Structures are given as structure tokens and as C-alpha cells.
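Hi,

Here is the model I said I would pass on.

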Amino acid sequence: MLKFIKHHMTSIHDIGIYPVAAFVLFLGIFIVASWYILTTERSRIEHMEQLPLSDNDNA
Amino acid sequence: MIERFQYDNKIVKAFLMATIVFGIVGMLVGLTVAFQLVIPSWNVHEWLTFGRLRPLHTNAIIFAFVGNGMFAGIYYSLQRLLKARMFSDGLSWLHFWGWQLIIVAAAITLPLGITTSKEYAELEWPIDVAITLVWVVFGINMFGTILKRRERHLYVAVWFYIATWVTVAMLHIVNSMAMPVTLFKSYSWYAGVQDALVQWWYGHNAVAFFLTTPYLGLMYYFMPKAANRPVYSYKLSIIHFWALIFIYIWAGPHHLLYSSLPDWAQSLGTVFSIMLIAPSWGGMLNGLLTLRGAWDRVRDEPVLKFMVVAITAYGMSTLEGPLLSTKFLNSISHFTDWTIAHVHVGGLGWNGFLTFGMIYWLVPRMWGTKLYSKGLANAHFWIGTLGIIFYAIPLYFAGFTQSLMWKQFTPDGYLVYKNFLDTVLQIKYAYWLRGLGGTLFLVGALLMVYNVWKTIASGKLIANEDAEAPALEKNYAGESGGYWHRVIERRPIMMLVLSLILVAIGGIIEIVPTFLIKSNVPTIAQVKPYTPLELHGRDIYIMEGCYTCHSQMVRPFRSETERYGEYSKAGEFIYDHPFQWGSKRTGPDLHREGGKYPDSWHYYHMFDPTSMSAGSLMPAYPHMYENTIDKEVIPAKIRAMQKLGVPYEEGYDQKAVADLEAQAQEIVARLKKDGIEANPDLDIIALIAYLQRLGTDIKKQPDTQVVQAQ
């Protein structure tokens, strides 16, 4: 009876590629983002993080 | 060269006022439905029953309260982060009035029963089109502002706004695809399993990209403002952004665990949900740690109090969400009030409190004055916090209690609580307490209304705030050794495209297999399209919002097959445009309802539910005994279904009404045997036909035969 709720996907060609693609994409984005923040110099980050505080607002 | 310009505060004011007004309205409707659950007589009119008002509550809170709050915050912060006035005042006002008109249209159509029944996407197709147009106006206005900015680099809050815009556009369009029947009625393009997957891909990401990402953008702007110090770690915010938007889009199937959705997609949803803890908590810590060394200021600054609780609530609900996505906890929590408690920690805590904090911060500044009363704001904070606690904790108890009662067996292997109603009456106390919590939260919000009113009265709106900034160099060469991400920070359009690609990949990989599946779902030979009368009855079921309290998904647990019958199979839903699996059981599952009771039982029950089950909390539907079946639209309904691939024979639309009348006569004859004289043209007859059909197809032959389609 389990055939009604399981194994729907097994007949799809190369179904395994979907989870693999998901994993590779995630890992890739994570590595690239990490690489970026690890190689960014301090001055840039400081400029960016001051942006909300640097408007003409009387905060 | 220094340029002088003015920030537009008038549009921010308009969105702020709309936030407050619709916030109060949305909470009032929420309170009404909360009490309707314990006092069924509060379902006073056909237009005001629980099933029609609950979608109004969720839509009002999500799109009117949080939506307007989001726009107020974005219009304020975007101008200042980019050092530019909004691209076009005309577009700003078109956006504002367009959005309010959509809200008004929702407030009229939902009580009238004009609904698609897809949760948080209930609005019918003409309103969906209007939403798309207004969203495009908002997008042009935002990107126009970004293009004429005077600050070269885009702060992380702006990335969150861009991701919000692009993803909501994609979700809304894909999920709203429907075949119109009339101006106020349409059928979803998708059916059954596929419709469920698209809907919860949307539903989950509406939470992610309408309630979360824009508010994270606001957090990254207003938290440093209120604390008067930069965000704890800007680097962490970059990781937070990319990881969050990428992971979120995959997690939708966790709403369908143990359903007829393929195992593969269920597991994918679980894995990505667990992974979500990392960026969510990264973001929460980043927000809270912004207060490093300034915690003492939280004591006397109500704005910070609201923000700290908001961010903590964000952390709590984003830990709870992934935990509820595990199959073990989901098997306990799903369909119970646990889910309701979970979403309200997010809704009241995260969205509500962040909005309140933002309002208390913005109003004195925009009106050039001081907050009328810090004491009142503090009172609001404490009453609101108590409200959240009184709301959530009883419902956690209720969810757990009810779920365990559903699953409890006697030593002989029978259900202890065979009558579903027993498990509802057991938790009625929690519904009362939840009403108290909601009342407290509303009282707090009313204090805010008064406080804001008095503050505004003591100042004058700075409608156009003067500002100055150097213009951007025309021919910018870029810094030497620039990294790719800096290029993105300078190129908003590239940012837009990259975010779109990222979320679209997630969506496509998740959804494509279910489109392929169409030819792979084991088709069950006996499953046939609905008869015209049943189809009309199904539309009444949708119109009354029955799905807000009844599921149609028997999960493969012994406690459910024992109570309801055979578990639900994907092949049984192939003609369900839209699917009606539901997400909450305040009443029992109805997928195997067909044939369980005689027609006369339903006839009495719908007129007065307590006549058949004493103490029932279900609303009565006397109007179904007055309203008659609109036979004129039946052929159009059949034709729409045919276009969607439902195999009615060629030209059946012309025979449909005759079939409908014949079937109605059969039901009337059966009712007559039980001593009921009924008019065959009444809506109730169609509803009975639908209810009696539910889940019966697979019982037609003793050995269920499986054929592979195509």
C-alpha cells in the first residue's frame, strides 16, 4: 500500500540531481560569502556600518 | 559638489497612519474570531462567520498592518540610506492609495465569501491583478530611488528590501495563477498535491519575504538608530542576508509533513528548515548585540524595549519553526493550536513589537517634538508583553493536550476519545485565556494610539526634511583591487538579478519535480471528477472557509486511520482545484466524511450543529437553507475545469445542469425518507452532495486498482 505515498519520484529520470544541486548551490554561496567577508578590509566595513548613522537625522 | 534636496516625510506619515488604523482593525477582527471559537452565537450573520472572518484577520494583519508598516519604514529609511528623495512623489502616492484600495477590496470581498481558499492568498483574481500592478509601482519607485542615489554603496537593509520586492513578486504571480470563471470566482491552475506544494511554497515564503526580510531590513536600520551605534557585525549581516534568502525559499514543504506530498520533498523541507536556524540566529544575535555596552539605556528607552523583545521573539520563533519541521515534533504539533501559538509569537512579538518600536521612534522625529508620554509607552510595552504571554502559553498547552488526546489508545487498542468534540471542549479554557491575551495586546495598542495622537498634537509634521549630500561622480572608476561583492553593492540591478536567480533556483528545483510527477502520481482508476452538484457544493465549502477548521488529509498514523479511515493518497486529489487539505483541525478531518452519516444528519447539523453534537463550537449556517444554487454559472464552471484538464466529456457543460437537478432530487428523496421536506435548489443540498462524496471514490471497488497514467 505504501506505493500510494512513497516512491513517486523514483520513476523520474536522474531525480538524485535535485538534492545534489541544492547542496552544491548552498555550499557554493556560503563559501563565496564567507570568502568575501574574510577578505574585506576594516575601513570598508566601517564605512558601511556607519551608513544608517550618517544621515542628517537628529538621532 | 554638494546638492540640496528634501526627504519626503508626508508619504511616511500616510503609511504610518494606515499601519496604526489597520493594525487596530486587524486586531479587532482577530479578537472577534478568537471569541467566536468559544461563543458560537457570535457568528451573527452569514458574512461574519468564523470561516470568513479568519482570512480577513490574517490578511489584515499581514498585508494591511505589517504591509503598511513595512512601507512606512522603507520609505523613511531608503531615502536616508541613499541620500535621495523617493524617485517620484506621484508613484509614492499611487502606491499608497493603490495598496489601501486593495485592503478595502479585501475587507469587502472576504466577508462576502469571495475567496480562493489558498491561505494568505485568498483574494480573488481581479484583486490579485491589482496587487501585481501596485507592487510594480512600488518596485519602479524603489529602483528609481536607488538609481538616483547619492550614496554609492547599498547598506544591507536595502539588500533586504530588494530581495523582498523580487521574491514577493515571484511568489505572488506563481501562486495566484488561476482560471477565471466569473469576475469573482476562479479555480487554481494547479490541483491536489501540486497545488498544495505551490501554495505552501508561497505560504512559507510569504512569512519569509513579507513578514521577515523587510522587517530585518528595518531592524538593521532602526536598531542602530535607536541604540545610536552601528550594528554589532556588518560582516555577519552579509552572511545573514545571503544565507537567509537562499535557505528560506526551500523550506516550504515542511508545512506538508506526513501528507500525500512525496517523501523526497518533505525531507528537503526539513533539512533546509533546520539549516535556517543558523542565519536566523546570526541575525538575532547581530540585532541584540548591537546594544553591547548600552544595555543600561534599555531601562529607560521604551523604543529599545520594544525592539529587544521583538528581536528575541524573532529568535524564539525561528528556533521553534525548524524544530516543528522535524517529523517527530510535527506529528504532535501539526493541525493543533501549537501552530497558532507559534505564528503569534512571530506576529505579535516580532512584527508587532518592531512596528511599535519604530512608530515610537519615528513620530517624535517626524513631527519635531518629544514623545507625549514615556510612561504610557512603557505601560504599552508591559501590557503588550503580558498579552503575548497570555496568548501563546495557553495555546501551547492546548495544542499539546489535544494532540495527545487524539493519539491516546485504551489497552485494548481503541481510541480513548472517539468523539473529536471531547478533545475540543477539553481546551476551551485555553481559548478563553487566548482571548484575554489578545485583549491585553489590543489595549496596549490603543494606549499607543492615544500617545501618538497627543505627540502629533504637540508638534508639526516636517513634511519635507532638508538634507544635503555630494552628488555621485559620473564616471566612477572604482577602487583598486575591488572585490566582486563591492561591484554588487554598487550595482543594484545586478543585486536584483542575483537575488532573483537565487530564489528562483530554489523555487524551480523544489517545484519542477512535482510538475514531472503529474505523470508519475499513481492514478487511482475509480477517482472521477466531481458531479456538477458536488462541484457547486465544493465551492460553498470554499466560500464558507471550512478549510480554516477542517482538514482533508488523513495522515498515515494509526491514531488517524482508526479515527477517520484509510489515509489520504496523492491520486485522490487530482481533480481538486484548489486543494483543501487545510492546516488546522478545530473540527475533525473530513477527507473520509462521505457516507459516514446519513444526508439527514448533515441537514440538521449544518442548520444547528449542537442538535447533532451537543456542545459543538461550530457556527450554524441557516443561510444555506435560504440561498439557492446559481445554475447559470454551472456550465462556465465545467468549461473552466475542462480547460484545466479535468476530463469532463466534450459538451458536458450543456448537460451539467440536468445532471445537477437529477442528483439534487435523489438527495431530496433520501431526506424525505427521514421525514424532511427540502427544496432541491438550496445550497445545503449541494453541500451535502459534496460532503457525501468526500473520500468515497477509492471505496468503490474492494481491490484498489492502480494504473500508471500515460
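The largest pocket has 40 lining residues, and His550(B), Gly587(B), Pro588(B), His605(B) and Met618(B) are the ones nearest its centre. A pocket here is an open set of points on a 1 Å grid over the protein atoms alone, where a 1.4 Å probe fits and protein lies on both sides within 12 Å along at least five of seven lines; lining residues have an atom within 4 Å of a point. Before you go further: this is a predicted model, with pLDDT of at least 70 needed for local features and 80 or more for side-chain atom pairs, while totals for chains, interfaces and linings use all residues. Residues are numbered from 1 along each chain as its sequence is written, chains are lettered from A and ligands numbered from 1 in the order written, and side-chain values use heavy atoms, leaving out hydrogens and water.

Back to that pocket. The space in it comes to about 830 Å³, counted as what probe spheres set on the points fill, with points joined across faces, edges and corners. H20(B) gives the most to the lining, four residues; among the other helices of chain B that supply at least two are H2 (50–82) and H24 (683–693). Helices are DSSP runs of H or I with at least four residues, strands are E runs of at least two, both numbered from the N terminus. By class, the lining has 21 nonpolar, 13 polar and six charged residues (nonpolar: Ala, Val, Leu, Ile, Met, Phe, Trp, Tyr, Cys and Pro; charged: Asp, Glu, Lys and Arg; polar: the others, Gly among them). Where does the largest pocket lie? It lies between domain 1 (2–465 + 485–510) and domain 2 (523–707) of chain B, because both give residues to its lining. The domain bounds come from an automatic or database assignment.

Gly113(B), Lys185(B), His536(B), Met543(B) and Lys637(B) lie nearest its centre, out of 23 lining residues. H18(B) has the largest share with five, and the lining splits into ten nonpolar, six polar and seven charged.

Cys546(B) is in none, and its nearest cysteine sulfur, that of Cys549(B), is 8.8 Å away. Cys546(B) is buried at 15% relative accessibility, and Cys549(B) is buried at 14%; buried means under 20% relative accessible area, with a 1.4 Å probe and protein chains only.

Cheers

Note on methods:
A disulfide is a pair of cysteine sulfur atoms within 2.5 Å. Buried means under 20% relative accessible area, exposed over 50%, partly exposed in between (1.4 Å probe, protein chains only).
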